[in-house]
Amino acid sequence: LSRHARKRQAESEANFRLVVESSPYGIVLIDHAGRIGYMNPAMTRLLGYEREDAPDVETFWQRVCPDPDYRKWVLGTWNRSMNDSREGEIDNQPIEYQITSRVGAVRTMLIDSVAMGSNVLTTFFDITRQKEADHELRQAKEAAEAATRVKSDFLATMSHEIRTPMNVVIGMGDVLLESGINEEQMGYVRKLQRAGDNLLDLINQILDLSKIEAGRLRIEDEPVNVRAIMREVTGLLGMMVENKGLELECIVEEAVPEWVMSDRLRLHQVLLNLLSNAIKFTEQGRITLREKLEDPGQLHILVEDTGIGIAKEQLENIFDFFVQSDSGITRRYGGTGLGLAISRRLIDLMGGRIWGESQPGKGSTFHVVLPLRPVAPPVGKVTPEEKSDDSGLDGQAMRVLLVEDSVDNQLLIRTFLKNTPHRLAVAVDGREAVRMVQEATFDVVFMDVQMPVMDGYTATRRIRQWEQETGRPALPVVALTAHALNGEEERSREAGCDLYLNKPIKKQRLLEVIGQMGRRCVRFS
């Protein structure tokens, strides 16, 4: 080489050495015989060993991997990596190793090797802090998720405990309204009914909130008749509109498909909430529920009102939990600030968007946009308004077994069936229910889930097992419970129940179910 070339090479080597020696990463140069020819200062700082302490690869791994089983695995992966490096394999990936320093500190190293002439250049990246941070973050996440699950389970339990007496409060109110009381007394009872319904609505909202936070709320995907849902919602709120002297209209564009894929229950919940809010905050004028197509391929539902409106700065936060437009509105109109927040989470889970537009004093419009997935009408599908009144089986008396440990709930169901042709028997726990089913004939069983001695699901399984062993046809069993946990309906089906109903249950619904289940029963002589 010329003097100039030698000078340039010397400068290049000096620069390379400067970079290597000042690098914060450990760097080791190994020849093909496994000898360590160079170890930079950073490597010495990381492990506490000089090159003289580990002149070759075998000695090096013996020092930094005191556990023989782990060292065996390390040497296997290391040798494969070194061979790949010598052969110039381009898919050679860095590997994580646990390395013990001279003072006994365990470090997590990300080690990478690359061929460099007749040597292999190996770099050691200390990622111990990152791994510790990841571990702490994962622990914090798991702790937060566990806390959320505990809170959700607590709320579900409290929901169950509150729903049980609420079943009696609301049910007895229905009984009183049918008992021939005077107008003044009917007014008192209706106030009790409204208070009970409001409390039940609050319980449902809190339970939905707990399910959403715990990630337990599941969205169904089924054929849905959106027009039928709109008619059902407006029908439910018709009396509320009439009492306030408002106009309520429901408009559907003809181009909108009648059946689409969605979640019927959750869509009904969102529309009922939006429409209830519109009625609550409108003193005069009109409420409009509108359905139309939105390009490209989206279903657009609007709830328009001529109510008090919402200020722009308050509208931005209206979908947050426990937020209302101002404290004065809360005192005047009531509410918890949960309805819109839950509605937004539900629409998000359904793959859509929800937002509001408003002018104070002129009214508000809330928009729901969902993916439009038209589907053919399912065979035999019956919409709510097309259901017949199954209050009995062609006037026949049904033999009903109620499995319920609460004396108050027993009295309520007895009262519901008092002036009907149906005959009621009561079992106070699951074990008694199994015995009664085996000794007497019934057309339908209403099975509470939580009971002493034997729970309802265990009792249902025992009944199904007995039916199989004796060749008896399946007796209709309805799970009637205050539980509202996500997955509870699936548990009831797995146990062998035919239907799952949440408390509180209305008298008309009870009679409908008796008729519905009774049509399937097989009578024994």
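The accessible surface of the protein amounts to about 28,100 Å², and carbon and sulfur atoms contribute 51% of that area. The model is predicted. Among the 525 residues of the protein, 43% count as buried. The secondary structure consists of 17 helices and 17 strands.

Two packed helices are described by the angle between their axes and the distance between the axes. For helix α7, spanning residues 226-236, and helix α9, spanning residues 264-280, the axes come within 10 Å and cross at roughly 40°. The two helices α7 and α9 are therefore oblique to each other. The crossing in which α7 passes α9 is right-handed. On the α7 side, the contact involves V226, I229, M230, E232, V233, T234 and L236. These residues meet R264, L267, H268, L271, L272 and L275 in α9. Grouped by class, the contact of α7 with α9 comprises 9 nonpolar, 2 polar and 2 charged residues.

A further site examined is S101, which is located in the loop between strands β3 (95-100) and β4 (106-116). When its neighbours within four places in sequence are left aside, S101 is in contact with L46, L47 and Y49.

Methods
Residues numbered from 1 in each chain as written. Predicted model: local features only at pLDDT ≥ 70, side-chain atom pairs only at ≥ 80, totals over all residues. Heavy atoms only, no water. Axes fitted to C-alpha atoms, helices over the stretch in contact; angles between N-to-C directions. Helix = DSSP H or I, 4+ residues; strand = E, 2+ residues; numbered from the N terminus. Parallel < 35°, antiparallel > 145°, perpendicular 65-115°, else oblique. Left-handed = near helix turned anticlockwise from the far one by under 90°. Contact = heavy atoms within 4.5 Å. Nonpolar A, V, L, I, M, F, W, Y, C, P; charged D, E, K, R; others polar. Buried < 20%, exposed > 50% of the residue type's maximum accessible area, 1.4 Å probe, protein only. Areas by Shrake-Rupley, 256 points an atom, 1.4 Å probe, with all protein chains shown as cover.
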